[in-house]
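Please open the model in your viewer and keep the selection tool at hand. The stops below follow one another as a tour.

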Amino acid sequence: MLSKIRSLISIIRLGGLAVAALAMWAFATIAEEVLEKETHAFDTSILLYIRSLHTPLRDRLMLSLTFLGEPNVLLMLSVSLGIVLWVRKHRSEATTIAVTGLGGVGLNLLLKQLFSRDRPLLWERTVDVKFYSFPSGHAMISMIIYGLLGYLLGSRFPKQRWLIYSLTFVLIAAIGLSRLYLGVHWPTDVIAGYIAGFIWLLACIFSLQVWQQFHDSRPVAEEKFLSPENPQE
C-alpha cells in the first residue's frame with residue numbers, strides 16, 4: 001500500500017512539473033511581448049474599460065481589497081505564522097510558510113528590477129505606488145501566500161476543501177482586479193504576477209511534500225496538523 005501511495009504521489013508531482021513548465025513558458029511569452037511593447041493596445045483598452053466602471057462605492061471596496069494583497073502585509077503574515085508554528089513544533093509547515101513569503105517577495109523585486117516597466121498613467125491615481133510595474137507584486141504574493149494557506153487548510157479540512165479552494169481563488173482574483181481598477185498595473189502585469197506566483201507556489205508545496213515524506217520523523221499527532229497525511233476526521 002505504501003509503495004502505491006508513493007507511486008501516486010510521484011505521478012502527481014510529475015503532473016505538477018508539467019504544469020510548472022507550461023506556466024514558465026507562458027510567463028516567458030508574456031515577458032517577451034511586454035519587452036517588445038506589443039501589449040500596449042491590449043493593456044490600455046482593458047484599463048480604459050475598467051475606468052468606466054468606477055463608482056465611489058467600488059472605489060472603497062477596491063481599496064480594501066488591495067490592502068489585503070499588500071506584499072509587506074502578506075510577508076508579515078507569513079513570517080508571523082511561521083514563528084507561531086515553529087514555537088508549536090510544526091516545523092515543516094513553519095519553515096515552508098516563512099520561506100515561501102520571503103522568497104516570493106525577493107523574487108518579485110528581482111523580476112521588477114529586471115524588466116523595469118513603468119506603471120500606467122491613464123488617470124490620476126488614488127493610491128501611492130513605488131518601484132516598477134512588471135510583474136504585479138500584489139498578484140504574485142497573494143497567489144503565493146493565500147495559495148499556500150488555502151492548500152494547507154484544504155489538506156487539513158478535506159470535507160471543506162473545494163469551498164476553501166474556491167474562496168481562495170476568489171480572493172486572489174479580486175486582489176488582482178483591484179490593482180487594475182486603481183490603475184496602478186497593466187493587465188499583463190497582473191497575469192504575469194499570477195503565473196510567476198503559481199510557479200513559486202508549486203515549488204514550495206513540492207518541497208513541503210518531499211520534506212514530510214523523507215525527512216520528518218516526528219509523530220503525526222505532534223507535527224503534521226496541517227499536512228495532507230493527517231486530514232480532519
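**First stop: helix α3**

Begin on the outward side of α3, where Pro-56, Leu-57 and Arg-60 are exposed; exposed means over 50% relative accessible area, buried under 20%, and partly exposed in between (1.4 Å probe, protein chains only). The model is predicted: local features need pLDDT of at least 70, side-chain atom pairs count only at pLDDT 80 or more, and totals for chains, interfaces and linings use all residues. Residues are numbered from 1 along each chain as its sequence is written, and side-chain values use heavy atoms, with hydrogens and water left out.

Now select the whole of α3, residues 56-68. Its 13 residues reach 19 Å from the first C-alpha to the last, close to the 18 Å expected at 1.5 Å a residue; the expected span is 1.5 Å times one less than the number of residues. Helices (H or I, at least four residues) and strands (E, at least two) are DSSP runs, numbered from the N terminus.

Next, which residues of α3 are buried? They are Met-62, Leu-65 and Thr-66. These residues cover an arc of only 100° around the axis, which puts them on the same side of α3; the arc is that of the directions from the helix axis to the C-beta atoms. The buried residues of α3 pack against α6 (137-156) and α7 (161-181).

Remain with α3 and select Phe-67, which is found in this helix. Together with Leu-68 and Val-73, Phe-67 makes a nonpolar surface patch of about 240 Å². Patches are made of residues with over 30% relative accessible area and no salt bridge; like charges are joined within 9 Å, and nonpolar side chains (Val, Leu, Ile, Met, Phe, Trp, Tyr) within 5 Å.

**Second stop: the loop between α5 and α6**

Select Thr-126, in the loop between α5 (91-115) and α6. Thr-126 counts as exposed because its relative accessibility is 62%. Leaving aside residues up to four places away in sequence, Thr-126 touches Leu-63 and Leu-182, where contact means heavy atoms within 4.5 Å. A C-alpha to C-alpha distance of 9.0 Å separates Thr-126 from Asp-59, 67 residues apart in sequence.

Leu-121 lies in the loop between α5 and α6 and counts as exposed, at 68% relative accessibility. Its C-alpha atom is 9.3 Å from that of His-185, 64 residues apart along the chain.

Then select Asn-108 in helix α5, which counts as buried at 4% relative accessibility. Among the residues that Asn-108 touches, not counting those up to four places away in sequence, are Pro-135, Met-140 and Ile-141.

Side chains of opposite charge can pair when their charged atoms come close. A salt bridge is a side-chain nitrogen of Lys or Arg within 4 Å of a carboxyl oxygen of Asp or Glu, and the count by this rule comes to two.

Show Asp-43 and Arg-117, whose side chains meet in a salt bridge (2.9 Å, N to O). This pair links distant parts of the chain: Asp-43 in helix α2 (residues 40-51) and Arg-117 in the loop between α5 and α6, 74 residues apart.

Asp-189 belongs to helix α8 (residues 187-214), 72 residues apart from Arg-117. Arg-117 and Asp-189 are both buried. Salt bridges that share partners join Asp-43, Arg-117 and Asp-189 into one network.

**Last stop: the whole chain**

Finally, zoom out: the secondary structure comes to nine helices and zero strands. Of the 233 residues, 45% count as buried.

Key: Accessible areas come from the Shrake-Rupley method with a 1.4 Å probe; for residues, only the protein chains shown count as cover.
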